[in-house]
Amino acid sequence: MNEALESLLELLDLERIEQDIFRGRSRPSVVPRVFGGQVAAQALVAAGRTVPDDRAAHSLHAYFLRPGGPGAPIVYTVDRIRDGRSFTTRRVVAVQHGQPIFHLSASFQAYEEGLEHQEPMPEAPDPLTLPTAAEMLPQYAGRVLSEDVVERLLEARAAVDLRYVDAPPFASVGEPREPKSQVWFRTHGKLDGAIDQPLLHVCLVTYVSDMTLLDSVLLAHGRGGWAVGDVVGASLDHAMWFHRPFRADEWLLYDQESPTAQGGRGLGKGSIYTADGQLAVSVIQEGVIRVPRGRR
């Protein structure tokens, strides 16, 4: 486990202030606001700590209300909406500087047998044949991306080994492509010992799920994203369904696409598969995607 992953795990280890109130730290992001995946993951940690261990998270629905300030603490208040025989529901509000910045509803379920089917896993190359971020990103330094942007991207990806199957959006600015994208990812190190809990794996995947989901929107229009400054944007809402057990420290394929963009908004859909082909997670996110006047 490298230092970056240790730091991320510390970020997800919230301080309990009262019975259902938690405080999380924040840190600088690649953009001048708190990374949305961090807030979503911390909110799910807060919700999960009020739920019995035998109930696993099976879905979350969240809204990003205001941009969070990097470096300032965030307080998470949990409402115990329902404790049923099979399902437990929690609502979490994240507050910073006295204002709500994020709202999450999460549902947890006790294990039970049931009907099963899934879409087959799409074809994808072996992740070990793909370049790492440290190998890929410096190629664009000084050409498409500034040295500072490359450094910030490498820092943001230091805890997670994330590998693009095809070139990322900033590699083909001005060349519209099919609105589909794939990445493989896993944590930079194994999770074992006392921290190796199902909730932690779910929260880590929640964190990563916000990194690349809107890439497919950018690809459809030949836009490079914030890294090259030809769009400005932010996550609006985020939904996830956790279908089957998985480990965040083992390879996961994130298959992503964008069915539509309109009205300054773009929609991204993602499916996360384990390496042996099990559909583990479904993700949908809508984000603001605006083109600056000078870039239209």
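**The nonpolar core and what surrounds it**

Y76 and F102 touch the most other members of the largest nonpolar core, which has 69 residues. A nonpolar core is here a set of buried Ala, Val, Leu, Ile, Met, Phe, Trp, Tyr and Cys residues joined through side-chain atoms within 4.5 Å. Buried means under 20% relative accessible area, exposed over 50%, and partly exposed in between, with a 1.4 Å probe and protein chains only. Helix 2 gives the largest share of this core, 8 residues. Another core, of 7 residues, lies apart from it and includes W251, L253, Y273 and L279.

The model is predicted: local features need pLDDT of at least 70, side-chain atom pairs count only at pLDDT 80 or more, and totals for chains, interfaces and linings use all residues. Residues are numbered from 1 along each chain as its sequence is written, and side-chain values use heavy atoms, with hydrogens and water left out.

F102 is in contact (heavy atoms within 4.5 Å) with V39, A40, A43, A62, Y63, F64, L65, V92, V93 and A94, residues up to four places away in sequence not being counted. In soluble globular proteins, nonpolar side chains tend to be buried together.

The strands form an open sheet of 12, in the order 1-2-4-5-6-3-9-12-11-10-8-7, with antiparallel pairing. Strand 1 (15-18) and strand 7 (160-164) are at the edges with a single partner strand each, so one side of each has no neighbour in the sheet. From one strand to the next the twist averages 25°. Helices (H or I, at least four residues) and strands (E, at least two) are DSSP runs numbered from the N terminus, and two strands pair if DSSP finds at least two bridges between them.

Y164 has V183 of strand 8 as its bridge partner, and R163 has W184.

Strand 12 (residues 279-290) is mostly covered, with 9 of its 12 residues buried. It pairs in the antiparallel sense with strand 9 over 10 bridges and with strand 11 (residues 265-274) over 9 bridges. F242 stands opposite V281 of strand 12, and G270 has V283 as its bridge partner there. The hairpin of strand 11 and strand 12 has 4 residues between the strands, and in it G277 takes a positive phi near 95°.

Helix 2 (residues 36-48) lies across strands 2, 3, 4, 5, 6 and 9, and runs at about 50° to strand 6. Axes are lines fitted to C-alpha atoms, for helices over the stretch in contact, and angles run from 0 to 180 degrees between N-to-C directions.

Helix 1 (residues 3-12) and helix 5 (residues 198-209) have axes that come within 11 Å and cross at roughly 105°. The two helices are therefore roughly perpendicular, a term that covers 65 to 115 degrees. L8, L9 and L12 of helix 1 meet L200, L204 and Y207 of helix 5.

Most residues other than glycine have a negative phi. H97 is not a glycine, yet has a positive phi of about 55°. H97 lies in the loop between strand 5 and strand 6 and is exposed, with a relative accessible area of 67%.

Technical notes. Parallel < 35°, antiparallel > 145°, perpendicular 65-115°, else oblique.
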